[in-house]
Amino acid sequence: MGRLDIAVAGCGPAGLSAALLLHRDGHRVTLFERFDAPRPVGSGLMIQPAGRAVLRALGLEEALLAAGSRIDRLFGRAGEDGPVVLDVRYAALGGRAGFGVGIHRASLFAILHDAVHAAGVPVETGRPIAASRIEGGRRWLRFEDDSEAGPFDLVVDTLGARTPLAPPTGRALAYGALWASLDWPEEAGFDAAALEQRYRRASMMVGVLPIGTQPGRSGAQAAFFWSLRADRLDNWRANGLGPWKAEVLRLWPLLAPLLDQIEAPEQLTFARYAHRTLPEPVEPAMIHLGDAWHSASPQLGQGANMALIDAYALALALRTTQDVDAAIGRAIALRRRHVRLYQWLTALFTPVYQSDGRALPFVRDRLVGPLSRLWPATRIQAAMVAGLIGDPLGPLGL
Ligand SMILES: Cc1cc2nc3c(=O)[nH]c(=O)nc-3n(C[C@H](O)[C@H](O)[C@H](O)COP(=O)(O)OP(=O)(O)OC[C@H]3O[C@@H](n4cnc5c(N)ncnc54)[C@H](O)[C@@H]3O)c2cc1C
């Protein structure tokens with residue numbers, strides 16, 4: 001494929017990695033972002049072995065490991081000392097796949113953004129995109145102030161789950177979560193290499209994920225999250241922190257040093273989740289990647305990883321296919337099976353951890369939890385959490 005003019009819309013993990021890969025392949029890439037200074041929103045997330053493979057290919061894995069926290073295990077109990085419900089060890093996979101990385105969103109953003117900046121990719125900030133149009137086979141972007149940019153041979157839509165470049169689809173989930181980045185409580189006894197959670201049925205869930213250090217700060221941090229039904233958010237705010245903290249501590253007393261750091265409700269950000277998958281993620285001269293194509297609850301912790309793999313698939317397809325529209329069709333073909341599988345798995349598992357039902361958590365605590373600690377369930381679960389079920393990396397040569 002010759003040198004293309006490419007607009008990448010959005011500076012999230014999908015957009016930044018796509019811009020970097022496509023620039024390195026010799027295309028003329030411009031990034032567009034609505035924020036004046038590109039910045040990430042939210043607390044921490046997990047980069048799984050599947051996403052790490054893409055960052056390794058980009059030469060950014062060392063930076064990821066330096067900024068993040070190595071995660072060897074996902075562990076959850078029903079109540080403080082109740083039955084073990086979740087016990088996934090990446091070591092069951094062996095080799096290089098054998099761990100995840102908890103990282104602050106700002107750190108992941110900084111790693112990718114610094115690489116984009118060092119490569120000299122132009123980033124136009126303060127440019128909220130409203131729509132796109134096609135003319136003579138090339139695509140234009142229109143901004144909220146009615147200005148336009150283009151024409152481009154290809155627009156890569158990585159504007160996230162609420163992209164204005166695709167028709168709305170999917171459904172919002174009843175449950176979301178409150179998130180905060182807090183100082184890591186050194187003496188409290190949390191496992192610094194584990195994502196730990198405690199549950200009461202599926203209506204209550206609290207978790208702690210080590211996320212390394214934020215750019216410009218020295219101490220290690222934890223992402224703290226509390227599952228909450230969206231329609232209860234106003235009540236939660238109105239009731240004040242006191243009763244809520246008491247409820248959290250009843251579920252898991254070890255959290256006291258983390259809760260002590262929360263002095264105002266504004267320290268917690270509410271994230272609401274949606275399950276959506278665009279049935280047709282390609283249009284002439286435009287491809288939708290990352291959350292713009294598929295988004296889900298973060299129950300399996302795959303979203304940023306899928307975004308990175310999508311970006312890699314696009315670069316590979318453009319390298320090996322002669323025509324833009326054929327290439328973007330090929331990129332989707334490389335990803336579709338894995339995306340479908342994980343959208344389905346996440347939809348299946350989400351109610352087990354976030355719902356009002358009693359039957360599912362009962363079966364989870366009494367049957368699935370104990371069985372999942374036996375081989376081969378140990379390996380299957382590790383592969384699922386690692387993002388490796390469906391072999392997403394094989395077709396990409398990663
Ligand atoms: C609370 C929470 C926890 C999560 N935990 C995990 C986890 O552990 N592991 C994991 O892999 N994933 C996790 N995810 C999912 C993950 O964050 C997303 O899947 C991932 O960020 C998607 O990347 P993206 O680049 O596709 O989109 P986004 O990260 O949403 O980036 C979109 C970018 O586009 C910009 N933008 C949006 N609209 C416009 C516009 N109109 N004009 C211009 N710019 C615009 C935004 O400002 C942003 O920079 C979690 C999500 C949430 C909400």
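## A pair of strands

Strand β10 (residues 138-143) pairs with β11 in the antiparallel sense, over three bridges. Two strands count as paired if DSSP finds at least two bridges between them. Helices (H or I, at least four residues) and strands (E, at least two) are DSSP runs, numbered from the N terminus. Which residue of β11 is the bridge partner of Arg 139? Phe 152 is that partner.

This is a predicted model: local features need pLDDT of at least 70, side-chain atom pairs count only at pLDDT 80 or more, and totals for chains, interfaces and linings use all residues. Residues are numbered from 1 along each chain as its sequence is written.

## The open sheet

The order of this open sheet of three strands is β9-β10-β11, with antiparallel pairing. β9 (129-135) and β11 (148-152) are at the edges, and each has a single partner strand, so one side of each lacks a neighbour in the sheet.

## The nonpolar core

The largest nonpolar core has 114 residues. Such a core is a set of buried Ala, Val, Leu, Ile, Met, Phe, Trp, Tyr and Cys residues joined through C-beta atoms within 7 Å. Buried means that 20 or more other C-beta atoms lie within 10 Å of a residue's own, with C-beta atoms placed from the backbone. Among the residues that touch the most other members are Ala 18, Val 156, Leu 289 and Leu 314. Helix α8 (residues 303-320) gives the largest share of this core, 13 residues.

## Around the ligand

α8 also gives the largest share of the shell around the ligand, four residues. Of the 32 residues there, Gly 10, Gly 12, Gly 160, Gly 290 and Gly 303 come nearest. A residue is near if its C-beta atom, placed from the backbone, lies within 6 Å.

Technical notes:
Buried ≥ 20, exposed ≤ 12 C-beta atoms within 10 Å, placed from the backbone.
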